[in-house]
Amino acid sequence: RNASAAEVEAAYETLNPAALTIGFARRFATYKRAHLLFRDIERLRRLVTDPARPVQFLFAGKAHPHDGGGKELIRRLIHAARAEDMRKHLVFLEDYDMSMARYLVQGVDVWLNTPQRPLEASGTSGMKVVPNGGLNLSILDGWWCEGFAPGAGWAIGSGEEYADGEYRDEIESKALMDLLENEIVPRFFAVGRDGLPRSWIAMMKNSMTRLGPVFNTNRMVQEYTDRTYVPAYHAWRGLAADGFARTREVARWVAKVRRHWPEVRFTGGGVERKAGMVGDQIGVHAVVHLGALTPEDVEVQTFTGPIDSDGNIVAGRVVPMDYSGSPGDGKHAYRGTIRCDESGRFGYMARVLPHHAWISGAFGLEHVRWIDGESDRSAAA
């Protein structure tokens, strides 16, 4: 790219084997938020240029040719890395590929991941760091929701989600810098008389022993087999039997549901009381008009969970309701319970979904009918 001779020469002297090395390598999509580290550039500058505790960041990745936002993130990163006092502490490695990724996951001390919740699909690069002795520093998203454990890495925040993206980035940027300044850098450079960072090494061992056996290719293949391949095989055998007789039966059922779904509606429902103590079970009832459909064609569920400041259910769980009879006129009654597992304000919503034993997935037909409700739970004394 026509770099100057001085720049080329300086590149050979950039990386410091004694520095805390933090890696960030992935697609430069905007939701991965490579910019989070640069919101307070002066604070970052003070962190990385401390001569007693040097820190260096290695960045690598590519943006989609049509992703202007991703390319802008790379531009901003390279611009920051070319500042005279930052050149040896922020390095962007060009032409990212699998070969470079292999060296990165083997060579860094910390793997940084800053996605916008809940958009991270998995995070396999962070898993690859683990058997190489690297530690993860990540937003609680993707695999890190399950993988994070104190003493085996660090979590940025506590899994919060924010409606205001600017406010979210500000809070999580500060949380990231606080972790780096107060926990990660001091621990890395805290060496004993033997010159070894014993506390850091203990975290490495803890990460490898706790996470390595759980997040690996063996588990991935086993879960794909158990959850997808084997059920798909048995479904195929069942649908193909007797000259695909069951397939034709399912096709007729799908056509019936789609034809009569507009007739489905809630005509009543509620809870037996608005508040309860922790450990109580609150009864829920609903009356559903199914029209030409039958109770065997649907499943009625309660969707319940804590309510956030905007009145939305978060971390909701599904509880099927039981059929309790028909009052006539195409109406059908259902009953269920909401268990008060913790204190606070909770909400509930009842919904109807098509249901067939040979249809995979509750939302395969893209039909659902909702009824709103609310249940307040008071704390136990």
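Predicted model: local features only at pLDDT ≥ 70, side-chain atom pairs only at ≥ 80, totals over all residues.
How many nonpolar, polar and charged residues are there in the lining of the largest cavity?

First, the empty space. Rolling a probe the size of a water molecule over the atoms shows where empty space is left. A search of the whole structure turns up one cavity of 30 Å³ or more. The volume of the largest cavity is about 40 Å³. Its lining is made of Ala34, His35, Phe38, Leu73, Arg76 and Leu77. Sorted by class, that lining has four nonpolar residues, one polar and one charged, which settles the opening question.

Next, helix packing. Two pairs are on my list, and helix α7 is in both of them.

Take α2 and α7. Helix α2 covers residues 41-48 and helix α7 covers residues 165-188. Their axes are 11 Å apart, and the packing angle is about 15°. Because angles under 35 degrees count as roughly parallel, α2 is described as roughly parallel to α7. The crossing, as α2 passes α7, is left-handed. On the α2 side, the contact is made by Arg43, Leu44 and Leu47. On the α7 side, the residues are Lys174, Met177, Asp178, Leu180, Glu181 and Val185. Which classes do the residues of this contact divide into? There are five nonpolar and four charged residues, and no polar ones.

Now α7 and α8. Helix α8 runs over residues 198-211. The axes of α7 and α8 come within 7 Å and cross at roughly 105°. An angle of 65 to 115 degrees counts as roughly perpendicular, so α7 is roughly perpendicular to α8. From α7, Ile184, Arg187 and Phe188 take part, and they meet Ser199, Trp200 and Met203 of α8. By class, the contact of α7 with α8 has four nonpolar residues, one polar and one charged.

Last, the backbone. Most residues other than glycine have a negative phi, and most peptide bonds are trans. There are two exceptions to show you.

Arginine 33 is not a glycine, yet its phi is positive, at about 55°. Where is arginine 33 found? It is in the loop between β1, residues 20-25, and α2.

The peptide bond from arginine 117 to proline 118 is cis, and its omega is near -5°. Proline 118 lies in the loop between β4 (110-113) and α5 (124-129).

That is the end of my part.

Notes: Residues numbered from 1 in each chain as written. Heavy atoms only, no water. Axes fitted to C-alpha atoms, helices over the stretch in contact; angles between N-to-C directions. Helix = DSSP H or I, 4+ residues; strand = E, 2+ residues; numbered from the N terminus. Parallel < 35°, antiparallel > 145°, perpendicular 65-115°, else oblique. Left-handed = near helix turned anticlockwise from the far one by under 90°. Contact = heavy atoms within 4.5 Å. Nonpolar A, V, L, I, M, F, W, Y, C, P; charged D, E, K, R; others polar. 1 Å grid on protein atoms, 1.4 Å probe; cavity = no way out; pocket = protein on both sides within 12 Å on 5 of 7 lines; lining within 4 Å. Points joined across faces, edges and corners; volume = space filled by probe spheres on them.
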